[in-house]
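Here's a quick tour for anyone meeting this structure for the first time. Take a look at the chains below, and then we'll walk through them piece by piece.

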Amino acid sequence: MSFDVIDFLESLFKLTVADYLRQVFGVPEWIIDVVQIFILATFLLLNVLILIWLERKLISRFQDRIGPNRVGGRYGLLQSVADALKMLTKEFITPSGADRIAYNLAPFIIVVSALLMWAVIPFAPGVVGTDLNVGLFYILAVSSISVVALLLAGWGSNNKYALLGAFRSVAQLVSYEVPMVLALLIPIMLAGSMSLQRIVYAQEVWYILVVPLSAIIFLISALAELGRTPFDLLEAESEIVAGYHIEYSGMKWGMFMMSEFINAFFMSALFTTIYLGGWRGPGAVEYPLLGLVYFSIKTFLILFVLIWIRGTFPRVRIDQLLNFNWKFLVPITLVLIMAVALIVKLLPDDVSSWVLAAVLFMANLAIGLGALEIFRRSAHRQRQAVEAARNPGTAPVAGTSPEAHSAPASAH
Amino acid sequence: MLSDWQFILLFSVIALVFPGAPILIAQLINPKKPNPIKQSTYECGVETVGDTWIQFKVQYYIFALVFVVFDVEAVFLFPIAAAFNQLALFAVMEIILFVVILLVALGYVWRKGALEWF
Amino acid sequence: MTVQQVVFIIISAFTLLSAVIVVTDRNLFRSAIALMASFLGVAGLYILLDAGFLAVAQIIVYIGAISILIIFAIMMTRRMMQTVESPFNPRPISGAIAAVGVCALLIFIAVSTWPDVEAANVSDIVLRGSVSQMGLFLVSPDAYVIPFEVASVLLLAALIGAVAIARPEKDS
């Protein structure tokens, strides 16, 4: 076959460029892989600039102000570019006594691990970096590696605040990895595989409609894993001044910020792949480009939800954070796993996927509401106990009592 | 199968370029004026007193420990979940037994007050 | 020299180098980081052996959980910012005897069984590394379900024991 522009454009449209190049030019596999990786990584890095701008604009609108509106026209479109250029020209101030290897290695590892996770996400039917049969498991492994980068940064800075911040970050990340991992078990059970492309193929009904509780738990743990509000106490300027990246300046600090945004985008992409059907949509299989479009729309939608949450909720304290995780999220996720396993096996095999979806949806709703009810009752009991301790003379009236309502808000 | 992982290896090697390039560019064009005050450890503006050591609470260790247990549990549950479609109802009972034992473990740790952050 | 051999040599060198650093470095934290690096190398070796699931499980459990636990334990018992720990064993003679003994044992095992090792009669599915096959084995009554359940009891025991030892005192 010889090179033909029409065929090339057609393969571009059908997203089968790799096959076309292989047929026409006999390009070896690894060169095509290298080009794919370059395109993906460059896109992600440039996307960070867009995401930063988007977040600043949206947060400012949520806060009833305008946001960047000077650099690059009325909407401040080039603001992130200006910021990136500024960061390039800042001096690298290495603190005295810092361990050179650990201090310099940390920004590299954290960005590399953020990028590596993207190797297994399916963007369109047939378009995936590498469809590992342990795809979802691999993603968890790479996020474990980014935890190591945090420790390197904290210790390499030779600064006790950095070290303390790093340990608290690690405690938070490590705690919330448990409900995330357990919640991810449920789509795997439903789809019968850990490979992300197969999970997308198996979603005749989007999993968010089948197991909404699992989606919510995953979203909450993803927020905590990303270190975003309401779980961003480690970046809170008033608390520990910037945690593990205090001693980083200029582009090295920029690496930490970049990894945070790449991760946020990745969690949105992962959520759409697992719960919103990834690239699925009308006509996606015949025209893979449409699949890519659907995927992008859904991912940006979830990203918008993440930014929206940031603009809405206050920050939680670290003990509230850890209590919420171990005493609420983990038990409810384990119960959910058992319930889903039981229901899927108890229903006859040939029931249609919509019926299965409806039954599981009801079960999810029941478990979620039941858990909230138990939580509410125990919180009520705790409030009453605090009240009784404060006013030993007054016996609390059964039901609502005015003292119980005016109990201090910090009772936990 | 191995070719899947070759892609990952290639990816990790190339991905090193992407943090490397900005840092390299920055290294070339940024000013270099080290002086001891700039490089002193940050301590909210005061001089560091004493050696750098921190008050390490045992809570960190306990949370890491509980995490290890649940991590191993998850590693066991993953292949079972992947094989779920081919399992019989009896297997679900075994899964439930496994999860219940670990819920009991969590409950024990909770009761003993080891999950509090002081 | 195929690409696979080159990769194997690089990964093995990396693993061995990290292992040497673990044992000889004066700074405990740096030893812990080198330990993580050696775990990473072992995961690479698992991948070369076509055991993708095991490699990923190694990274998740060893690097992501156990190493962090080790670092926290080091933090609790040492003043980490100070580095002086002598890398040398205070009892060199017994150490040398133990090292020579273990080395001789390993060489004996390798030499005596190596020529006779044949590929075990594993079914083709397992050799191709199917994860669902592993899952089936873990819960089928005539395979590994008893060790599977015993593992959960083991985890329960570990947690109870650790909490009993490490529980914070009520007056802290």
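This is a predicted model: local features need pLDDT of at least 70, side-chain atom pairs count only at pLDDT 80 or more; totals for chains, interfaces and linings use all residues.

## Chain C on its own

Start at the N terminus of chain C and follow its elements along: they run α-α-α-α-α-α-α.

How much of chain C counts as buried? Of its 172 residues, 26% do. As for contacts within chain C, take the ones between residues at least 6 apart in sequence: 51% of these link residues at least 24 apart.

## Where chain C meets chain B

Chain C puts 45 residues in contact with 42 residues of chain B. On the chain C side, the elements giving two or more residues are helix H3 (52-77), helix H6 (131-139) and helix H7 (145-166) of chain C.

What sort of residues sit on that side? Sorted by class, the side of chain C that touches chain B has 32 nonpolar, eight polar and five charged residues.

## Where chain A meets chain B

Chain B has contacts with chain A too: 67 residues of chain A are in contact with 50 residues of chain B. On the chain A side, two or more residues come from each of helix H3 (29-62), helix H5 (100-116), helix H7 (160-191), helix H12 (250-275) and helix H14 (318-346) of chain A.

Which element gives the largest share of that side? It's H7(A), with 14 residues. By class, the side of chain A that touches chain B splits into 46 nonpolar, 12 polar and nine charged residues.

Note on methods. Residues are numbered from 1 along each chain as its sequence is written. Chains are lettered from A and ligands numbered from 1 in the order in which they are written. Two residues are in contact if their C-beta atoms, placed from the backbone, lie within 7 Å. Helices (H or I, at least four residues) and strands (E, at least two) are DSSP runs, numbered from the N terminus. Ala, Val, Leu, Ile, Met, Phe, Trp, Tyr, Cys and Pro count as nonpolar, Asp, Glu, Lys and Arg as charged, and the others, Gly among them, as polar. A residue is buried if 20 or more other C-beta atoms lie within 10 Å of its own, exposed if 12 or fewer, and partly exposed in between; C-beta atoms are placed from the backbone.
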